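Colleague: I have some questions about how terms are applied here. Please show me the model, then set each value against its cut-off.

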Amino acid sequence: MKTTVFLGAAAVSALIAGAGFAAEGDTLAQVKARGELLCGVNPGLVGFASPDANGNWSGFDISFCKAVAAAVLGDASKVKYIPLTGQTRFTGLASGEVDLLARNSTWTFSRDTDLKLDFIGVNYYDGQGFMVPKSLGVSSAKELDGATICIQTGTTTELNLADYFKANNMTYQPVNIDSNSEGEQQYLAGACDAYTTDASGLAATRAAFANPGDHVILPEIISKEPLGPAVRHGDSNWADIARWTLYALIAAEEYGVTSANIEELAKSSQNPEVQRLLGTTDDLGKMIGLDKDWAKRAIAASGNYGEIFAATIGEQTPIGLARGLNAQWTQGGLMYAMPFR
Amino acid sequence: MTESAPAGPPAPPFRLSMLIYDRHYRSLTIQVVVFILLMLLVSWIVHNTVLNLARLGKDIDFSFLFNRAGYDIPQQLIPYTSDDTHLRAAMVGLLNTLYVSALGCATATVLGVVAGVLRLSKNWLIARLMTIYVEIFRNIPLLLWILIIYAALTEITPGPREYRGENARELFLGLIAPTNRYTAIPSIVAEHSPGALVIGRIEIPWLAIMGIAFFIAAIVLRRIVNARAQRIQNATGRRPTTWWINLALFVVPPAAMAVFFGLHLEVPELAGFNFKGGINVDNSLVALWLALSLYTGAFIAEIVRAGILAISKGQTEAAYALGLSPGWTMNLVILPQALRVIIPPLISQYLNLIKNSSLAVAVGYMDLRGTLGGTTVNQTGREMEGILLMMAIYLAISLTVSGVMNIYNNRVKLKER
Amino acid sequence: MSDANASPAYLRTEMLPSAAPPRRQEGLLGWLRENLFSGWLNSLLTVLSLVIIWSLIRHFWPWFAHSVWRANSLAECRQIITQTWGEGATGACFAVIRVRWHQYIFGFYPRAEYWRPILTLGLLFIALAPVLFSVNANIRRWVLAGGGLLCMVLLAVTASPDWTVVLVWALFAAALLLAEYAPMRLLMVTALYPVLAVWLLWGGSPWYPFMLLMGFAVGYGVSALVPRGVSALTGIAVTVLWWIFLAAPAASLATLILPLHLPVVQSSVFGGFLLSVVIGVSAIVLSLPLGILLALARQSNMFIIYSLAVVFIEFIRGVPLITLLFVALVLLKYFLPPQTHFDLILRVIIMVTLFAAAYMAEVIRGGLAALPKGQYEAADSLGLNYWQAQRLIILPQALKISIPGIVGTFIGVFKDTTLVGLINLYDPLKGISDVVRSEFTWKGIYWEPFIFTGAIFFVICFSMSRYSMYLERRLSREHR
């Protein structure tokens, strides 16, 4: 009997282990098998990612998740959004909680190498800034010596802030906060003299204040914050898919392909680059394990890069961000899609 | 059944079925099976972990602890800058955890005893108020209390700037300035400072060491004085008055130190954005401390109440019959006996408080969970090492505290038989 | 001598009516003297508390009094407050609760399916009724009536379809009848409840949970056929084999024959109190048997079993729950075979269960230790084996003694479910509030949601603790 129990236990554990091995494969196969893309997003940052009363997510980063889902699965709604805080986002990606991290994360050396992430590009060029109440009478970050500063833990801003004050021989008192909404509450109640985060986040935060005019964003941008989506290290094909989906969105804007005219251009465009992009001539999709129309679906999901920008964080929205560095390279910005060839 | 027969027939020959049916062998069988299953489970987990780590190109490596941390910590008990290592950041966090836990345990005990005794008070209003306090704090999650108290501190208190200008606010008692980010309290400064004891980068002022030494000496001397008084009382039946000696023991040395070294208070002063001089106690610490004390205090109040109620009424009546006042009855008769019932659950409340202090992250107080288990893990991507190390440290703290408290418990326990 | 028998000059034949107590000891004045102002210390305390109460009311009353219940955004709220009470007035904006309350209760659960969690809640009351440990039928009636009423109210405010209302009516009517005439029959509901609840909440085909249950039936049936000695082991083996090899095909077959189906709801949409209750109740239900086993193991004289139990219990009790939740979020993935995916909520439930089980084990160990040794010896002298003795003599008594502690652990676990907000789940305290505040309309709202969730937590935990006190009183009377 003893042996029977033992054998039984061994059999069960072998079975479970076997089932585990059988399921191993690359991310693309997993996503297709699951029929759903797991996308790690910010739990709530207006304009970038936030759920509404019915749990429908919208925002700049969300649109990228949708584009990838459309490219891979053929349906932009087949995304499961997994909210990740600043503290848990990278561990969430590394441990396989999500397939793709689109959570305004800064591309840095150590994150790319030591944290075993692969950043697949930049979808928003940002920089860290400061917001202060007008009544404080401060017009430059250099005047903030000795100030109390609200800062979100687990972000690069935390490190930049330490470096900036050290380099300028100034001191500060950090007030650590856990989420953006806690930070707003603390800042508005005057618990800190200044609030620091990415300039885009500051604009979004300020836009929602009762009296936005009472607060100024200081001119200093103290760091480079190239925000981009990231995937796990070691799955190059999946990284390629995410990277070229992003480029497809950017290229679409460059070539004037919008969600409105995409069907028409797919049939009638004479531009060879557009033809390749939309799969009219070459079958680029096959090279990354997708079908011909992948880019077409990605662009149709929520429009090209410019359309997404305008709809979520652009000047027409309450957040009101100008394109600035994020304009196309043809218009003096940094958005430059690699050629589709 | 041959088990207990002293000179029974010889044991029957061993058969395989005895592994299950014979009680002697069965327990062995069960243990062996469980052990094998456990080993299987452990090896399975280790195997999986190795496999997973290899797949991600990671390894288990604690050397990240010696890299530059790069982030600042608002509240620190030992010197720390962003240039220090992650290990030192973890140490700062650990000390912060211990600090808020110690503060919390002390105030929670005081609050709990007071509320527990007052809940049994004959004063109708007080008893009701204490009941409300206990029920409200016991039945609402701690996390909510931490958040509420933190937000309340921020919203109710004035900003530092309101202490300046035309109709400036007065410092409380001219010494303390509560603001919406910290409470500025005065620090003690010596005019002729004897310097500090420097160990590595930690500086301990000699004055503090002297103060602690005097305090310990006073406690020891007090014991000797009281023991002597007891001896005299036993011999002659009259107890000499000792309260003034005891008082002097605790008052004279600090007073002498104050005069000799020219001790005085340095009142915080507004300079630039914030108060300088004095000590700024962060609101996150205050909020966490208050919330932990109030929450745990409510539980301790219930324990104290139950302890007091467990003492039979005859004890009170006997004390009254001896002519003791209600206050003395409580102090000399009821509480010492109730202590026996109170201490074991009290220990687990202390342990709960220490563990609950890990909720500090909600208010940005950088404790062990905030430094090692939070920012460090996040910046270095070493979640496996960081979290396991953090759990090990918490476990060590818990086991130490419960060990020490159990020794104390065994000492106050009523020795029976 | 002569007047020894003489009658006294005056003899009272009837008692005087007792004099009224002094003025200061009766009526309101007397009560005040007795209860509030007996002695200077008491008077001081009374005055002090009155001052505190007054200042609290003075501070917070205007805020409550100026509350706005009908508005669509925080800005609108502020505008209304300024219009009504003038510039600079502050007031609560409870409109956010009015607009978003469903999110605090159900998270992102699809609106059309709200009746399912509500029905699950109703069934929970029915399942609880027979195991409330009460000889008093009144308690059962109250629980059933209260549960029914709560479900009706919830169904009404969520505008659920009419047939669900009829269903709940019928269910509770049946339950009340059963509770009156055959309360033990309700145990059937209790036994089926876990499977039923899982199916109702997550949806899908009912055949899979049904076939899972069938495993027990098959195992029981087989064990009845084979000889006594090995019946238990055979039963377990057959059950496990059924689950591994036959349950899934059987369920697929049944689905083909009779395709019943509820829309599948993913656990990522669970949030608010739904999430708290799901995690809390599952952890509570699962931790009780696990805790009993651990407690018995810790009492065992088998060295390996004993040390395992001690190490497990001390380890779990020695670390904060939040670190265990982090293990669930981050590390559990490493411990399982590569690419195994299973739900975060399930992982959290496992961790919270282990956590609760360790505490439960200590509570039950206390109960076991409190039993007189004679009970164990009596069981031995009757020739009962270990499990018989535990089942028939030791555990019923030990559990009864530990009930207050067990309920205390339940309350603790339920409150601790708020911590899941720190690992990205939508707990009602922080998770949902962050979601609500991440939209432009309600950005900046802070206190009102806290008050709302705090009040609900208070009601639930307070009633649980009152119930445990009631039991404690009843049990202590029995022991006297």
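Modeller: Start with residues 1-25 of chain A, where pLDDT stays under 50. This is a predicted model: local features need pLDDT of at least 70, side-chain atom pairs count only at pLDDT 80 or more, and totals for chains, interfaces and linings use all residues. Residues are numbered from 1 along each chain as its sequence is written, and chains are lettered from A and ligands numbered from 1 in the order in which they are written.

Colleague: What does the model have for residues 1-25 of chain A in contacts beyond four places in sequence?

Modeller: There are 24 such contacts. Two residues are in contact if their C-beta atoms, placed from the backbone, lie within 7 Å. The pLDDT, the predictor's confidence in each residue from 0 to 100, has a mean of 85 over chain A. In that chain, 93% of residues reach 70 or more.

Colleague: Why is helix α11 of chain B called largely enclosed?

Modeller: Buried means 20 or more other C-beta atoms within 10 Å of the residue's own; exposed means 12 or fewer, and partly exposed lies in between, with C-beta atoms placed from the backbone. Twelve of the 13 residues of α11(B), residues 368-380, are buried, so the rest of the structure largely encloses this helix. Among the buried ones are B:L368, B:R369 and B:Q379. Helices (H or I, at least four residues) and strands (E, at least two) are DSSP runs, numbered from the N terminus.

Colleague: What covers the buried residues of α11(B)?

Modeller: The cover includes α4 (89-94) and α6 (156-167) of chain A, α3 (86-119) and α12 (383-412) of chain B, and α13 (321-335) of chain C. After α11(B) comes B:G381, with a positive phi near 70°.

Colleague: What makes chain C more spread out than a compact globule?

Modeller: Chain C has 18 helices and zero strands. Its radius of gyration is 30 Å, well over the 23 Å that the globule rule gives for 480 residues, so chain C is more spread out than a compact globule. The radius is taken over C-alpha atoms; the rule is 2.2 Å times the number of residues to the power 0.38. Of the 480 residues, 36% count as buried.

Colleague: How many residues does each side give to the contact of chains C and B?

Modeller: Chain C gives 39 and chain B gives 44. On the chain C side, α13(C) gives the most, with eight residues. That side has 28 nonpolar, ten polar and one charged residues. Ala, Val, Leu, Ile, Met, Phe, Trp, Tyr, Cys and Pro count as nonpolar, Asp, Glu, Lys and Arg as charged, and the others, Gly among them, as polar.
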